Amino acid sequence: MLQVRDGEVQMLGVLFDRYQAPLFNFYSKMTQDRTVSEDLVQEVFLRILRYRQTYRPGTTFRTWMYQIARNTRIDQVRKVRPESPLATEPMAPRASDSAQQHQEAQLLQRALMQLPEDKREILVLSRFQELKYDEIARLLGCETGAVKVRVHRALQQLREVYLGLENNPAEQDLRRAPKESLPPTRRVQ
């Protein structure tokens with residue numbers, strides 16, 4: 001990255017080759033939309049090129065890149081939100097997955113997509129992108145201990161949602177439905 005910052009922009013190709021797949025996986029877990037994920041990855045590398053002068057020696061490139069990725073995602077959500085909800089259809093499974101693994105992975109992904117964006121993001125960064133807690137702390141601008149607490153709480157909520165889906169998928173969908181679409185409830189006296 002220092003070479004890119006200093007004007008050797010052809011070295012961005014090396015960074016792209018190294019980080020394109022992890023970024024795509026990050027966005028895939030966050031959006032469940034292949035096209036959007038591909039577009040976001042491209043936008044991240046455009047922003048890396050555009051803002052290369054802001055990269056500081058001694059900063060972990062991966063942390064700096066994920067900060068750009070987070071900002072890119074936030075901008076994308078702001079653009080999309082008024083028009084339509086984020087995609088929640090599961091992506092196509094890999095051919096190597098067994099039926100049981102596929103079903104569990106699909107259930108986990110549905111549960112993950114039902115978490116609030118901030119909890120989903122911290123789980124994707126820590127569990128799927130394998131960022132260390134101190135890297136996530138720098139990324140989020142908080143203490144490492146706070147990251148541990150957030151991950152723990154997000155995992156607890158993910159577990160609850162997953163078990164709810166596993167035990168009664170229809171009931172979980174009702175809990176997630178907007179209040180105006182639910183029938184009015186009457187108080188029994």
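A residue counts as buried here when its relative accessible area is under 20%, as exposed when that area is over 50%, and as partly exposed in between, using a 1.4 Å probe and protein chains only. The structure is a predicted model, so to speak a computed one: local features need pLDDT of at least 70, side-chain atom pairs count only at pLDDT 80 or more, and totals for chains, interfaces and linings use all residues. Residues are numbered from 1 along each chain as its sequence is written, and side-chain values use heavy atoms, with hydrogens and water left out.

Start with the overall picture. The chain has nine helices and zero strands, where helices (H or I, at least four residues) and strands (E, at least two) are DSSP runs numbered from the N terminus. Read from the N terminus on, the elements simply go α-α-α-α-α-α-α-α-α. Of the 189 residues in the chain, 34% are buried. Contact means heavy atoms within 4.5 Å, and among contacts between residues at least 6 apart in sequence, 67% join residues at least 24 apart.

Next come the helix pairs. Two packed helices are described by the angle between their axes and the distance between the axes. The axes are lines fitted to C-alpha atoms, for helices over the stretch in contact, and the angles run from 0 to 180 degrees between N-to-C directions. Angles under 35 degrees count as roughly parallel, over 145 as roughly antiparallel, 65 to 115 as roughly perpendicular and the rest as oblique. For handedness, a crossing is left-handed if the near helix is turned anticlockwise from the far one by less than a right angle, and right-handed if clockwise.

Helix α2 (residues 12-31) packs on helix α3 (residues 34-50) with the axes 8 Å apart and an angle of about 140 degrees. That angle makes α2 oblique to α3, and α2 passes α3 in a right-handed crossing. On the α2 side, the residues that meet α3 include L12, L15, F16 and Y19, while those on the α3 side include V36, L40, V41 and V44. Sorted by class, this contact has 14 nonpolar, four polar and two charged residues; Ala, Val, Leu, Ile, Met, Phe, Trp, Tyr, Cys and Pro count as nonpolar, Asp, Glu, Lys and Arg as charged, and the others, Gly among them, as polar.

V41 sits in helix α3 and is buried, at 4% relative accessibility. Leaving aside residues up to four places away in sequence, V41 touches F16, Q20, L23, F24 and Y27.

Helix α4 (residues 61-80) and helix α6 (residues 117-128) make another pair: their axes come within 13 Å and cross at roughly 150 degrees. The two helices are therefore roughly antiparallel to each other, and α4 passes α6 in a right-handed crossing. Here Y66, R70, R73 and V77 in α4 meet E117, R120, E121 and L125 in α6. By class, that contact has three nonpolar, no polar and five charged residues.

Charged side chains bring up salt bridges. A salt bridge is a side-chain nitrogen of Lys or Arg within 4 Å of a carboxyl oxygen of Asp or Glu, and by this rule there are nine of them. One joins E121 to R70, with the closest N and O atoms 2.8 Å apart. This pair links distant parts of the chain, since E121 is in helix α6 and R70 in helix α4, 51 residues apart. E117 and R120 form one at 3.6 Å between the closest N and O atoms, and both lie in helix α6, three residues apart, about one turn of the helix. E117 is partly exposed at 25%, whereas R120 is buried at 5%. R138 and D134 meet in a salt bridge at 3.7 Å, N to O, and both lie in helix α7 (residues 133-140), four residues apart. R138 is partly exposed at 47%, and D134 is partly exposed at 36%. Salt bridges that share partners also join E43, R47, D75 and R78 into one network.
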